[in-house]
Amino acid sequence: MTASIGAVFLMLCLLLIKHMFADYYLQTPKMLSGRGEYFHLGRAQHAAVHVVGSIVVFLVFGAPLVFILIVGALEWFIHFNIDFIKASYSDKKRLEPTQPAFWRAAGLDQLMHNLTYVAMVWAWVTFAAA
């Protein structure tokens, strides 16, 4: 491992902060509507906002461009599909915030995104850290 523990934790923290902003502050009504349909432009844009934030984080850490492009494409695909699975499940079950199942679905969604960031940091340490 060539990256320091501090750098690993800092990168993970920055990715989690980015996630909070992209999920809770930067979503537009277009991104939030129709999320239960698979080919949804708003969800594609939402996933792209996440990728842009991750690109900034990886650039700060000096990751190679090829690494950033690969990880960015993977993050877009994974984020897009995690959000689709959660939205389609929530729609199918007609979940509302007053139901415990709504919060379990939301929590699982966030866990999957957080594990994606752990995998991205692992990839950086393994393949791109100087």
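Is phenylalanine 80 buried or exposed, and what is its relative accessible area?

Modeller: First, the ground rules. This is a predicted model, where local features need pLDDT of at least 70, side-chain atom pairs count only at pLDDT 80 or more, and totals for chains, interfaces and linings use all residues. Residues are numbered from 1 along each chain as its sequence is written, and side-chain values use heavy atoms, with hydrogens and water left out.

Now your residue. Phenylalanine 80 is buried, at a relative accessible area of 5%. Buried means under 20% relative accessible area, exposed over 50%, and partly exposed in between (1.4 Å probe, protein chains only). Phenylalanine 80 sits in helix α4. Helices here are DSSP runs of H or I with at least four residues, numbered from the N terminus. Setting aside neighbours within four places in sequence, phenylalanine 80 contacts Tyr38, His40, Arg43, Ala44 and Ala47. A contact is a pair of heavy atoms within 4.5 Å.

Take Arg43 from that list. Arginine 43 belongs to helix α3, which spans residues 41–60. Beyond four places in sequence, arginine 43 touches Met31, Gly34, Arg35, Gly36, Glu37, Tyr38, Phe80, Asp83 and Phe84.

The charge on arginine 43 deserves a check. Side chains of opposite charge can pair when their charged atoms come close. A salt bridge requires a side-chain nitrogen of Lys or Arg within 4 Å of a carboxyl oxygen of Asp or Glu. Arginine 43 is buried but has no salt bridge. Its nearest side chain of opposite charge belongs to aspartate 83, 6.3 Å away. For that search, Lys and Arg are positive, Asp and Glu are negative, and His and the chain ends are not counted.

Which pair does meet the salt-bridge rule? The count comes to one salt bridge. Lysine 18 pairs with glutamate 75, with their closest N and O atoms 2.9 Å apart. This pair links distant parts of the chain: lysine 18 in helix α1 and glutamate 75 in helix α4, 57 residues apart. Glutamate 75 counts as buried because its relative accessible area is 2%. Lysine 18 is buried too, at 10% relative accessibility.

Back to helix α3 for another residue. Valine 57 lies in this helix. Valine 57 counts as buried because its relative accessibility is 7%. Leaving out neighbours within four places in sequence, valine 57 is in contact with Met11, Leu14 and Leu15. C-alpha to C-alpha, valine 57 and methionine 11 are 7.0 Å apart, while in sequence the gap is 46 residues.

A nonpolar patch of about 790 Å² is made by Leu10, Leu14, Ile17, Met20, Phe21, Tyr24, Tyr25 and Leu26. Patch members have over 30% relative accessible area and no salt bridge; like charges are joined within 9 Å, nonpolar side chains (Val, Leu, Ile, Met, Phe, Trp, Tyr) within 5 Å. Methionine 20 is found in helix α1, residues 5–24. It counts as partly exposed because its relative accessibility is 31%.

Arginine 94 has a positive phi of about 55 degrees without being a glycine. Most residues other than glycine have a negative phi. Arginine 94 is exposed, at 68% relative accessible area. Proline 100 is in helix α5. It counts as exposed because its relative accessibility is 54%.

Note on methods
Accessible areas come from the Shrake-Rupley method with a 1.4 Å probe; for residues, only the protein chains shown count as cover. Helices (H or I, at least four residues) and strands (E, at least two) are DSSP runs, numbered from the N terminus.
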